[in-house]
Amino acid sequence: MPPATSTGLRAVSSALLAMSRPLEVQDVLHTIVASARELLDAEYAALGVPDDHGGFAQFVVDGVSEEQWKAIGPLPRRHGILAALLEEGRTERLADVRRDPRFKRWPAAHPDMSDFIGLPVRHGDETIAALFLANKRCPHPENTCGFTEEDEELLGILAQHAAIALTNARLYERSRELTIAEERSRLAHELHDAVSQKLFSLRLTAQAATALVDRDPARAKEELHQVAALAAEAADELRAAVVELRPAALDEDGLVATLRTQIRVLDRAHAARVTFRGEGVRALPAAQEEALLRVAQEALHNALRHSGAAHVDVVLSRTGRGAVLRVTDDGGGFDPRGVRRAGRHLGLVSMRDRAAGVGGSLTVDSAPGKGTTIEMEVPGG
């Protein structure tokens, strides 16, 4: 076997092993792109999942920094060479993409690209994505490289397995969504049955006590004691249900993965850029993890709905045995001295209660026109 072919097969094997791990869809997309770029030794790689409106539902890149990506601007539309990959379902290998008649122009901040290879990722008869790479690295800078037939063959093998990995990840996510929905439906029925019965008994007992107040105060007192007991039982039922409603993803994936997934969804759904960093955080007691998640959700809701922020950054970091959550936005901010009014509007009282309930603390740093930072610290276990 020629050395180049042996090296290529080893690279394909490594890429396939990377994609075979159980991953969520967004993680699979990033793994495919990174594997393809490494496999073909390219400077840039990208993968786009088409939507139904002439654009892309998801688009991931490798080889471009976050600052460059933000400067490039909106996601590309499906036209020119990208349209040919997706609509005509054929591989494109070009010595210089800029000389192709279908090429229009790059956005101002777009890196310059020359040699290009792209191919559709297909599942059965459906094209589910387009994978493309640019600027083959040269071992000798004075030479011109370009992608070869062998590169095309290797990328084709990768694309076949990428389709399987992406389809499996989608099925996994859909299965988990259905499981969560079924579990919530079951809990809703149980909660309705149990609490409704308690409340019905509570109402009848309260009515009986009202009727007995004047003619038999002693019996009325007994009925009121029964009201208190039924109310306590109803509260216990509700408390047990709330504990059981702890987010399923939190139990299965942990706090970091759950936050990362939810923030990716928010980033796609809102005009503001929403980013997340979380490394080195130990598993925390369940109540602390849930409190951190709920506070992050509330802070993100405030930033995205009320602040007018262009960027919201969420950081979860380790501190001793515990963790610190920091949600920062560059929005309009507010005056913390108006805490009563702002607290009601922004849910700050609820967030502070959640933090205090697990032995943690919450601080708010904000000023009109200066953005807002919500920081919550928990002690760990």
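This is a predicted model: local features need pLDDT of at least 70, side-chain atom pairs count only at pLDDT 80 or more; totals for chains, interfaces and linings use all residues.
Student: Why is the Phe-103 and Trp-106 pair called edge-to-face?

Tutor: Look at the rings: their centres are 4.8 Å apart and their planes stand at 65°. Centres within 6.5 Å make a pair, and planes over 60 degrees apart make it edge-to-face. Both conditions hold, so edge-to-face is the name.

Student: What makes Trp-106 count as partly exposed?

Tutor: Its relative accessibility is 26%. Buried means under 20% and exposed means over 50%, with partly exposed in between, so Trp-106 counts as partly exposed. Trp-106 also turns up in the second largest pocket, among the residues closest to its centre, along with Pro-76, Leu-82, Pro-107 and His-110.

Student: How do you know what kind of pair Phe-56 and Phe-59 form?

Tutor: Same test. The distance is 5.2 Å centre to centre, with 70° between the planes. The cut-offs are within 6.5 Å for a pair and over 60 degrees for edge-to-face, so this pair is edge-to-face. Both residues are buried, by the way. Ring pairs also link them with Trp-69, Phe-116 and Phe-132 into a cluster.

Student: Which residues sit closest to the centre of the largest pocket?

Tutor: Trp-69 is one of them, and the others are Gln-26, Asp-267, Arg-273 and Val-274. That pocket has a volume of about 1,300 Å³, and β6 gives the most to its lining, with 7 residues.

Student: What classes of residue line the second largest pocket?

Tutor: There are 23 nonpolar, 4 polar and 5 charged residues in its lining.

Definitions and conventions
Residues are numbered from 1 along each chain as its sequence is written. Side-chain values use heavy atoms; hydrogens and water are left out. On a 1 Å grid over the protein atoms alone, a cavity is a set of points where a 1.4 Å probe fits but cannot get out, and a pocket is an open set with protein on both sides within 12 Å along at least five of seven lines; lining residues have an atom within 4 Å of a point. Grid points are joined across faces, edges and corners, and a volume is the space filled by probe spheres set on the points. Helices (H or I, at least four residues) and strands (E, at least two) are DSSP runs, numbered from the N terminus. Ala, Val, Leu, Ile, Met, Phe, Trp, Tyr, Cys and Pro count as nonpolar, Asp, Glu, Lys and Arg as charged, and the others, Gly among them, as polar. Rings of Phe, Tyr and Trp (its six-membered ring) pair if their centres lie within 6.5 Å; planes under 30 degrees apart count as stacked, over 60 as edge-to-face and the rest as tilted. Buried means under 20% relative accessible area, exposed over 50%, partly exposed in between (1.4 Å probe, protein chains only).
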